[in-house]
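Subject: Structure for you to look at

Hello,

Below is the structure I said I would pass on. Please open it beside this email and follow along; my notes come after it.

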Amino acid sequence: MPSYVAAIDQGTTSTRTMLFDHSGRVVASDQREHKQIFPQAGWVEHDAEEIWANVRATAAGALADADITAADVVAVGITNQRETTLVWDRNTGKPVYNAIVWQDTRTDRIITDLGALGGGQERYRDKTGLPLATYFSGPKIKWILDNVDGVRQRAEAGDLLFGNMDTWVLWNMTGGPDGGVHVTDPTNASRTMLMDLDTLSWDEGIAADMGIPLSMLPEIRSSSEKYGKVRERGALGGVPISGILGDQQAATFGQACLSPGEAKNTYGTGNFVLLNTGTDKVMSQNGLLTTVCYKIGSNDTVYALEGSIAVTGSLVQWLRDNLNMISSAAEIERYAKEVDDNGGAYVVPAFSGLFAPYWRSDARGVIVGLTRFVNKGHLARAVLEATAFQSREVIDAMNADSGVPLKSLKVDGGMVVNDLLMQFQADILGVSVIRPVVNETTALGAAYAAGLAIGFWESEEDIRSNWAKDKQWDPTMDDERRDREYRNWKKAVTKTFDWVETD
């Protein structure tokens with residue numbers, strides 16, 4: 001019998017394929033980065049054809065790493081950067097424009113115009129769980145239709161398809177123009193601002209507001225079922241694709257946050273805190289998103305509250321690539337450990353405005369509290385602390401919405417190998433921070449969704465039994481210092497507001 005499940009993890013900066021065994025442990029992995037394209041300030045794009053090439057290459061690479069063939073793989077799951085928006089020709093498979101990345105802010109004018117139709121930022125929240133913001137896919141589709149020559153006519157003629165990156169990968173893996181499956185799941189559909197959270201279907205009225213033909217939109221299916229098989233000429237040829245979860249929901253699933261009240265925080269390009277609210281659709285009063293957590297086959301839909309933070313790991317990349325202050329991301333901890341604190345400096349990385357809990361597209365990044373005393377170590381520490389401060393803001397909002405204070409926080413993602421950051425996160429939250437043995441929970445969650453659909457794992461209890469703790473950080477900071485540091489951070493955040501002028 002086949003022994004492994006594959007997961008395609010299509011992220012913001014790279015694509016990888018990982019293989020997992022029945023215990024949920026990583027057997028093999030292959031990863032490739034893709035270009036980040038910045039045509040102008042506030043615009044972020046990806047080359048979707050480069051990403052598709054990387055999917056193919058990493059699938060072959062992972063199999064080679066494990067010294068196995070497709071015959072040893074029982075299923076494939078897909079997880080992806082959410083909200084990143086692509087429109088392509090159904091007949092040729094060619095994108096009409098680069099993928100517009102979730103961090104991109106070019107749709108700010110579209111957001112303003114939609115709000116002016118009535119309801120402002122809250123216009124669609126009751127149906128979609130989302131505020132009007134540049135973050136989501138729907139306005140990005142509208143921008144492409146409005147600004148790329150001839151595209152609206154082609155869309156209205158039924159020749160164009162839309163998808164987030166899960167749909168693009170699935171469509172190509174199952175044949176592309178030759179019978180590719182045009183499908184998404186509710187976790188990704190819920191990030192478009194076009195899906196009704198109650199019915200899990202596209203809302204015709206919202207699509208009409210944005211001028212988006214329904215023929216472009218993929219079919220919404222559950223997060224765990226057989227969608228099709230990988231085309232025969234692929235490295236995974238013939239293997240069923242049976243799981244799709246947006247990256248943050250996949251990490252929640254992989255972290256075994258399967259009961260109401262369980263939460264995780266993923267530390268990646270941005271940070272994303274998700275709290276499982278069960279089958280109750282909790283509407284936030286404190287700047288969070290209401291989103292689909294997962295839907296396994298015909299089971300009831302499970303919802304979540306989410307706090308989305310745009311810039312965390314990418315702030316470290318900025319320090320490395322734009323300022324050349326460090327030569328590698330890992331180097332930042334060494335400089336930060338050379339000092340005892342941030343020296344009074346705070347970095348608020350509002351590069352794409354501020355996401356939760358503020359939703360201020362007019363904000364831009366600041367460094368405040370500078371004196372002659374501040375050195376490279378202080379700035380390195382302030383960069384790391386920015387991630388922890390932003391996470392606390394989101395968790396404070398989550399505690400207020402849920403009415404149940406968080407007792408501990410499960411963490412995952414690339415930044416959780418940084419001990420200084422994890423200790424500061426525990427200190428500024430005042431609760432324990434827990435890292436699992438398998439840190440790659442995003443890919444693992446997609447693997448679980450795929451494996452459940454074909455019976456490789458029998459139930460969610462298998463997922464719970466596979467989860468194991470690797471390390472725990474407990475708070476050591478006294479209350480007075482915690483309050484002072486957080487108060488200064490909140491003051492620093494106010495300095496980012498009202499920077500962008502709409503005219």
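Two strands count as paired if DSSP finds at least two bridges between them. That is the sense in which I use "pair" below, and please keep in mind that this is a predicted model.

The six-stranded sheet

Six strands form an open sheet with mixed pairing, and their order is β3-β2-β1-β5-β14-β13. Its edge strands are β3 (26-33) and β13 (224-229), each of which pairs on one side only. On average, neighbouring strands of this sheet are turned by 25° against each other, direction ignored.

Within the sheet, look at β1 and β5. Strand β1 covers residues 4-10 and strand β5 covers residues 73-80; the two pair in the parallel sense over seven bridges.

The annotated residues

The unreviewed UniProt entry carries the annotation "binding site" for R82, E83, Y135, D247 and Q248. From this set, R82, E83, Y135, D247 and Q248 are found in the lining of the largest pocket.

R82 sits in the loop between β5 and β6 (86-89). Is R82 buried or exposed? Its relative accessible area is 2%, and buried means under 20%, so R82 is buried. Neighbours within four places in sequence aside, R82 is in contact with W102, Y135, N188, R191, G246, D247, Q248, Q249, F272 and E306. Among these contacts are Y135, D247 and Q248, which also carry the annotation. The side chains of R82 and Y135 are joined by a polar contact of 3.5 Å.

E83 is also placed in the loop between β5 and β6. With a relative accessible area of 2%, E83 is buried. Not counting residues up to four places away in sequence, E83 touches I100, W102, Y135, F136, S137, K140, N164 and R191. W102, Y135 and R191 are in the contact list of E83, and they are in that of R82 as well.

A buried loop residue

T134 lies in the loop between α3 (125-128) and α4 (137-147). Why does T134 count as buried? Its relative accessibility is 6%, and the cut-off for buried is under 20%, so T134 falls in that class. Residues up to four places away in sequence aside, T134 touches D104, T105, T107, D108, I111 and K140.

The seven-stranded sheet

There is another open sheet with mixed pairing, made of seven strands in the order β17-β18-β16-β15-β21-β22-β23. β17 (289-294) and β23 (469-473) are its edge strands, and each pairs on one side only. From one strand to the next, the twist averages 30°. Helix α13 (residues 419-429) packs on this sheet and touches β15, β21, β22 (432-436) and β23. The direction of α13 makes about 60° with that of β23.

With strand β16 (residues 271-278) the pairing is antiparallel, over five bridges, and K264 has L274 as its bridge partner in β16. β15 and β16 form a hairpin, with three residues between them. With strand β21 (residues 408-412) the pairing is parallel, over three bridges. There, N265 stands opposite V411.

Regards

Methods. Residues are numbered from 1 along each chain as its sequence is written. This is a predicted model: local features need pLDDT of at least 70, side-chain atom pairs count only at pLDDT 80 or more; totals for chains, interfaces and linings use all residues. Side-chain values use heavy atoms; hydrogens and water are left out. Helices (H or I, at least four residues) and strands (E, at least two) are DSSP runs, numbered from the N terminus. Buried means under 20% relative accessible area, exposed over 50%, partly exposed in between (1.4 Å probe, protein chains only). Contact means heavy atoms within 4.5 Å. Axes are lines fitted to C-alpha atoms, for helices over the stretch in contact, and angles run from 0 to 180 degrees between N-to-C directions. UniProt positions are given in the numbering used here, feature names are shortened, and annotations may be inferred rather than shown by experiment. On a 1 Å grid over the protein atoms alone, a cavity is a set of points where a 1.4 Å probe fits but cannot get out, and a pocket is an open set with protein on both sides within 12 Å along at least five of seven lines; lining residues have an atom within 4 Å of a point. A polar contact is a pair of N or O atoms within 3.5 Å; within protein, one must be able to donate a hydrogen and the other to accept it, and residues adjacent in sequence count only if both atoms are side-chain atoms.
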